[in-house]
Amino acid sequence: MRFDVHAHHLTTSYLEALRAGDGPALAKPHDDAVLNLMVEAQDAAGIGCQILSTGPNAPYMRDAALAARAAEIGNDGLAAAVGR
């Protein structure tokens, strides 16, 4: 099986959580259409598994509670994308 170990996925709620603090919200959110395109490209390339992350939009913030909450929202968004 071939793996893609470098793919990003960002939800609106995650980017909003980053912006609520001083986190880096450097991209636009991905909707279902973007996810569908990612899966189509993955399939066309013969990729059997894709590893998702938030990429450079990590929840690095001065406020630890906001950072932890943003991380939770980001992880939930990634889990939901995988579930779909």
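In this predicted model, the axes of helix α1 (residues 12-20) and helix α3 (residues 64-83) come within 9 Å and cross at roughly 170 degrees. Axes are lines fitted to C-alpha atoms, for helices over the stretch in contact, and angles run from 0 to 180 degrees between N-to-C directions. Because angles over 145 degrees count as roughly antiparallel, α1 and α3 are roughly antiparallel to each other. On the α1 side, the contact (heavy atoms within 4.5 Å) is made by Ser13, Tyr14, Ala17, Leu18 and Ala20, and on the α3 side by Leu66, Ala70, Ile73 and Gly74. By class, seven of these residues are nonpolar, two are polar and none is charged; Ala, Val, Leu, Ile, Met, Phe, Trp, Tyr, Cys and Pro count as nonpolar, Asp, Glu, Lys and Arg as charged, and the others, Gly among them, as polar.

The chain holds three helices and two strands, in the order β-α-α-β-α from the N terminus on. Helices (H or I, at least four residues) and strands (E, at least two) are DSSP runs, numbered from the N terminus.

Of the contacts in the chain with a separation of 6 or more, 74% are accounted for by residues 24 or more positions apart. Along its principal axes, the C-alpha trace spans about 40 × 20 × 20 Å. Of the 84 residues, 31% are buried, that is, under 20% relative accessible area with a 1.4 Å probe, protein chains only.

Residues are numbered from 1 along each chain as its sequence is written. Local features need pLDDT of at least 70, side-chain atom pairs count only at pLDDT 80 or more, and totals for chains, interfaces and linings use all residues, while side-chain values use heavy atoms, with hydrogens and water left out.

How values were computed. Parallel < 35°, antiparallel > 145°, perpendicular 65-115°, else oblique. Buried < 20%, exposed > 50% of the residue type's maximum accessible area, 1.4 Å probe, protein only.
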